[in-house]
Amino acid sequence: MPEVVTLGETLAVLVATSPGPLRYSTHFELRTGGAESTFAVGIVRLGHSAGWISRLGDDEFGKLILAMMRGEGVDVSQVKLDSEAPTGVFFKERREAGESRNYYYRQNSAASKMKPEDIDPQYICSAKYLHLTGITPALSPSCLATVERAMDIAKECGVLISFDPNLRLKLWKKERAIPVLLNLIRKADILFPGIEEAQILLGENEPEKIVERFLELGPSIVALKLGSKGALVANAHQEVYVPAFSVERIVDPFGAGDAFAAGLITGLLEGLSLEEAGRIANAMGALALGVTGNIEALPYRDELIAFMSGNPTIIS
Ligand code: ATP
């Protein structure tokens, strides 16, 4: 049984190959994207076992994602293929100046139909960590109920819950998202807020204050992601600022947070200190920025070690 279990939606991603407004894009690359599946692949690449619970459409994109996750070595025994709803899709526009935009076609997707009965309690109970994100509860009321059920099961059998709030204002309104996310945060053991979403969730700006407030809510470890500044990682006894690795060129800004979470949980699985786990997390986040695509960017253990030690990988 996997050491780490996660649950969430993975979509087919069509990335425009040339910059400009999507309406003028004629060529696309087919990739896949999903916060939780990226996290699961990150864990496996670093040498641990991970399982992914989800629903996919029984369609070409669903079969692609399933094969890809299986090929990456993630346990997919808990993924259901749904013949009545499609796999979600999103299109990625590219801009040379300004923000790139994503256009989502995920309403009523197979994953949005996930329900509490999809979860086998035994599967979660045999893991050490359950990793969830705030994207899933935004997908539908039954997805919210599924996340709550997964958390309840983990709590009952002593599995640690790690949670990335991943506030996505394209998916739900702030007024609804904030109370739901704060409620889920209260049940989490390890929390991965980004600085911007933390400011929205708590109305607080100072990193130290943010970490303190989250610790008061319930989590025993808070890893506050500070982008190019690294992370502030804390528990009830200590607070360590872990500086970022320097990144020469950002090729793709997405997915750093999921890689970061995979790095930190790997460190905790291996009994490392907060500072050591935070260094692995920062290295994972930095490496995620250098390659297009989320899963494509995740390093294997030897690549991570080479990067962290400052030794370039010998390729010939
Ligand atoms: P996303 O939701 O886009 O995946 P996030 O907002 O959850 O990201 P970030 O703070 O952007 O999280 O990035 C996560 C981690 O990645 C940071 O804590 C840091 O370790 C690393 N990182 C991000 N940006 C940079 C950068 N410019 N230089 C070095 N490291 C970075």
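Select Cys-125 to begin: this residue is partly exposed, with a relative accessible area of 27% (partly exposed lies between buried, under 20% relative accessible area, and exposed, over 50%, using a 1.4 Å probe and protein chains only). The model is predicted, so local features need pLDDT of at least 70 and side-chain atom pairs count only at pLDDT 80 or more, while totals for chains, interfaces and linings use all residues. Residues are numbered from 1 along each chain as its sequence is written, and side-chain values use heavy atoms, without hydrogens and water.

Cys-125 and Cys-157 form a disulfide with sulfur atoms 2.2 Å apart (a disulfide is a pair of cysteine sulfur atoms within 2.5 Å). The pair links distant parts of the chain: Cys-125 sits in helix α3 (residues 121–125), and Cys-157 in the loop between α5 (141–156) and β9 (160–164), 32 residues apart. Helices (H or I, at least four residues) and strands (E, at least two) are DSSP runs, numbered from the N terminus. For contrast, select Cys-143, which is buried at 0% relative accessibility.

Next, select the ligand. Around the ligand are 18 residues, with Lys-225, Gly-227, Gly-230, Gly-257 and Asn-282 the closest; a residue is near a molecule if one of its heavy atoms lies within 4 Å of it. Both α9 (256–269) and α10 (274–288) supply at least two residues of this shell.

Finish on Lys-225: an N or O atom in the Lys-225 side chain is 2.8 Å from an oxygen atom of the ligand. At Gly-230, a polar backbone atom is 2.9 Å from a ligand oxygen atom.

Methods:
Polar contact = N/O pair within 3.5 Å; in protein donor to acceptor, adjacent residues only side chain to side chain.
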